[in-house]
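Here is a walk through one protein model, taking a few strands and then the pockets. Please keep the sequence and the 3D view at hand.

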Amino acid sequence: MQARVLPSEDGKDSSQRTQSRVFPARILKYLTLFVVLGFGFFVLSVYMTRYFDLQTIGFQARPVIKRCVEEEQSDLRRWIKPPPSLMHKMSEEELFWRASFVPQVKKYPFKRVPKVAFMFLTKGPLPLFPLWEKFFKGHEELYSIYIHSLPDYQANFPPSSVFYKRQIPSKVAEWGKMNMCDAERRLLANALLDLSNEWFVLLSESCIPLYNFSIIYQYLMRSRYSFVGSFDDPGPYGRGRYNLRMAPEVHITQWRKGAQWFEVNRKLAVDIVRDTKYYPKFKEFCKPSCYVDEHYFPTMLTIVSPHLVANRTLTWVDWSRGGAHPATFGKGDITEAFLKKILEGKTCLYNDQPSSVCFLFARKFARSALEPLQQFAPSLLGFG
């Protein structure tokens with residue numbers, strides 16, 4: 001049998017089938033090479049990116065740290081800086097809560113210049129403010145001013161005055177009632193928001209300073225005691241006003257009486273603002289004819305911090321004329337002899353040592369007394 005001869009087309013197809021098997025292998029080789037090179041470039045690019053990113057972070061690290069430090073310092077400044085405006089919108093509960101904060105670390109982490117907070121409790125105008133402005137002149141870094149007036153009173157001090165925009169949010173305060181003590185606590189709480197305030201002086205619109213600013217400032221700053229009148233009066237106007245229902249928080253042997261005008265340091269100011277133990281008792285059981293502004297602070301502070309109270313006030317008044325209120329002095333009363341009588345001939349204890357400087361302030365002076373007071377201030381009071 002003759003062998004079958006394949007047509008030439010079959011031979012061509014065989015050759016092509018062989019070539020078709022070889023061609024995909026070459027493509028696979030190139031593809032593999034391309035993948036390997038691509039992966040190499042990828043790894044290299046990732047490495048270079050990380051390297052340059054680290055270099056960038058290294059260069060930026062110092063500015064970032066600097067910004068953090070600046071932000072921390074800024075946070076501290078916000079904490080220690082007093083409110084930009086005294087007319088805030090805090091409720092009294094919020095105000096007293098914030099004012100009662102006491103740092104547990106005694107050393108301040110910033111340069112603190114202690115100031116005296118002068119707190120004016122008044123119905124409206126301050127008729128003697130020109131005298132006070134002369135007193136404050138040149139001591140701007142050492143004092144702050146707060147005014148509690150009737151809520152509807154609008155002060156008209158010029159922008160150049162130290163009393164400009166120094167009013168705090170206020171409510172009605174009535175003589176002999178608890179809302180008078182509320183006003184005093186409100187003044188203290190607002191003044192405590194300034195961490196630089198170390199001493200707190202309560203004044204009325206009829207008060208005057210008896211010495212220049214430097215003498216009063218040093219007298220307060222060097223004192224180991226706060227100045228609150230506090231004494232045990234066994235008569236009808238002392239213990240006779242005590243209510244047995246104030247026990248057990250307040251016993252009759254702890255009952256004290258004193259003038260409402262005080263000069264207290266920061267520790268006692270906080271004690272007054274944060275009190276929630278004795279306040280309700282006085283509010284409920286000390287009502288006219290128990291005049292709470294004469295008993296609440298003297299009694300409470302004698303119980304809480306007796307070792308820090310000097311048991312006297314630095315504000316002079318004259319009760320010699322009798323009546324429910326001290327004498328008021330007008331233009332005809334202001335003479336050199338009158339002022340020397342207030343300044344001289346007194347003895348008291350200051351830091352447990354005898355002293356002839358017993359009063360730093362005096363009241364009550366009428367508007368008409370301003371002119372002669374300004375006349376005598378340079379020679380007798382040491383300012384103006």
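A residue is called buried here when its relative accessible area is under 20%. The model is predicted, and the term applies to it as follows. Strand S2, residues 143-148, is mostly covered, with six of its six residues buried.

S2 is joined to strand S1 by six bridges, and the two run parallel. Two places show how the strands line up. Met119 stands opposite Tyr146 in S2, and the bridge partner of Phe120 in S2 is Ile147. Between these strands comes a helix: S1, helix H3 (residues 129-136) and S2 together make a β-α-β unit, and this unit is right-handed.

S1 itself covers residues 115-121 and is mostly covered, since seven of its seven residues are buried. On one side of S1 lie Lys115, Ala117, Met119 and Leu121, on the other Val116, Phe118 and Phe120, and both faces are covered. S1 also pairs with strand S3 (residues 197-204), in the parallel sense and over seven bridges. Within that pairing, Lys115 has Asn197 as its bridge partner in S3. S1 therefore has pairings with S3 and with S2, where a pair needs at least two bridges between the strands.

The next topic is empty space. Rolling a probe the size of a water molecule over the atoms shows where such space is left. The largest pocket in this model has a volume of about 950 Å³. Its lining is made up of 40 residues, and nearest its centre lie Trp175, Gln260, Trp261, His325 and Arg363. By residue type, the lining of the largest pocket divides into 16 nonpolar, 14 polar and ten charged residues.

The second largest pocket has a volume of about 460 Å³. It is lined by 17 residues, and Val102, Lys106, Tyr108, Arg266 and Lys267 are the closest to its centre. Two or more residues of this lining are given by each of S3 and helix H6 (266-274). H6 provides the largest share, five residues. Which kinds of residue form the lining of the second largest pocket? Nine are nonpolar, one is polar and seven are charged.

Terms used: Residues numbered from 1 in each chain as written. Predicted model: local features only at pLDDT ≥ 70, side-chain atom pairs only at ≥ 80, totals over all residues. Heavy atoms only, no water. Buried < 20%, exposed > 50% of the residue type's maximum accessible area, 1.4 Å probe, protein only. Helix = DSSP H or I, 4+ residues; strand = E, 2+ residues; numbered from the N terminus. Right-handed = clockwise from strand over helix to strand, strands pointing away. 1 Å grid on protein atoms, 1.4 Å probe; cavity = no way out; pocket = protein on both sides within 12 Å on 5 of 7 lines; lining within 4 Å. Points joined across faces, edges and corners; volume = space filled by probe spheres on them. Nonpolar A, V, L, I, M, F, W, Y, C, P; charged D, E, K, R; others polar.
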